[in-house]
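Open the model in your viewer and keep the selection tool at hand.

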Amino acid sequence: MSMPVIYVVSDSVGETAELVTKAAITQFNGSGMKIKTFPYVEDKENIDEVISLVKFDKGMIAYTLVKPEMRKYMQEKAVEEDIRAVDLIGPLMDQIQLFCGKSPLCEPGLVRKLDEDYFKKVEAIEFAVKYDDGRDPRGILKADIVLIGVSRTSKTPLSQYLAHKRLKVANVPLVPEVDPPDELYQVPAEKCFGLKISPEKLNHIRRERLLSLGLNDQASYANIDRIKEELTFFEKVAEKIQCPVIDVTNKAVEETANVILHHLKRN
């Protein structure tokens, strides 16, 4: 006896239909069933081709077709040829439509588009982690956005927030004793953003940070004169790059991100 064949038919790549069919087959310990995938079914001629193949193999069909006319044609042809065919997505779409009172888009491949969007976000988050705090200057030239600023100006949380918007962000801390990487001066000015802050606010943030670590809040890291020196150095670098500078003194990360996003959109 030949192996039973289930044709997985879809108007996109067929991943959803194949996954559901495989999940169902596992409940029968596989039962020696074979799956054949028939993706990108875009017209009635494609359905006719599938029907002829299934009839030859004495198989059945599991399909995900989102266009109503294609679903209807598949149902009619399956009945006509006495082929067992299961609509995996149509009944659920119909019930959701009745439930929410909205019409479906009936556009093939939307799940895949959502997946691509998700993976772009993951890629951007991984990028932000890899090129955080000036770890690897090579990331500067690969980034969509480069953030510069002295320590504790929210570069890291801002990088992560923008990464969730699918933007690859590298950030570079500026310290007077260390020359900025050469790559920083090769980036187009409109892709680079400087983050400035008032000395008093930064002094407060750094003191709190030291105390949270169990350290003396009188360390040079939180010294107001040292902070002013760092901010002066930052201003010189930002002026040399000629990049936009955002005052983050009283801004939440979301507010700063919106300023950056607006700037990018405008340019």
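Ala, Val, Leu, Ile, Met, Phe, Trp, Tyr, Cys and Pro count here as nonpolar, Asp, Glu, Lys and Arg as charged, and the others, Gly among them, as polar. Keep in mind that this is a predicted model.

**Stop 1: the largest pocket**

Select Val66, Ile89, Glu107, Leu110 and Val111. Of the 27 residues that line the largest pocket, these lie nearest its centre. Colour the lining by class and you get 13 nonpolar, 8 polar and 6 charged residues.

**Stop 2: H2 and H3**

Next, select residues 44-57, helix H2, and residues 68-80, helix H3. Their axes come within 10 Å and cross at roughly 30 degrees. Angles under 35 degrees count as roughly parallel, so H2 is roughly parallel to H3. The crossing is right-handed.

Show the side chains at the contact. From H2, pick Lys44, Ile47, Asp48 and Ile51; they meet Met70, Tyr73, Met74, Lys77 and Ala78 in H3. This contact has 6 nonpolar and 3 charged residues, with no polar ones.

**Stop 3: H8 and H9**

Which residues of H8 meet H9? Select Pro199, Glu200, Leu202, Asn203 and Arg206 in H8. Their partners in H9 are Ile224, Ile227, Lys228, Glu230 and Leu231. By class, the contact of H8 with H9 has 5 nonpolar, 1 polar and 4 charged residues.

**Stop 4: the cavity**

Last, look inside. How many cavities of 30 Å³ or more does the structure hold? There is 1. The largest cavity has a volume of about 50 Å³.

To find it, select Thr153, Ser154, Leu158, Leu195, Val248, Lys251, Val253 and Thr256, which line this cavity. By class, the lining has 4 nonpolar, 3 polar and 1 charged.

Conventions: Residues are numbered from 1 along each chain as its sequence is written. This is a predicted model: local features need pLDDT of at least 70, side-chain atom pairs count only at pLDDT 80 or more; totals for chains, interfaces and linings use all residues. Side-chain values use heavy atoms; hydrogens and water are left out. Contact means heavy atoms within 4.5 Å. Helices (H or I, at least four residues) and strands (E, at least two) are DSSP runs, numbered from the N terminus. On a 1 Å grid over the protein atoms alone, a cavity is a set of points where a 1.4 Å probe fits but cannot get out, and a pocket is an open set with protein on both sides within 12 Å along at least five of seven lines; lining residues have an atom within 4 Å of a point. Grid points are joined across faces, edges and corners, and a volume is the space filled by probe spheres set on the points. Axes are lines fitted to C-alpha atoms, for helices over the stretch in contact, and angles run from 0 to 180 degrees between N-to-C directions. Angles under 35 degrees count as roughly parallel, over 145 as roughly antiparallel, 65 to 115 as roughly perpendicular and the rest as oblique. A crossing is left-handed if the near helix is turned anticlockwise from the far one by less than a right angle, and right-handed if clockwise.
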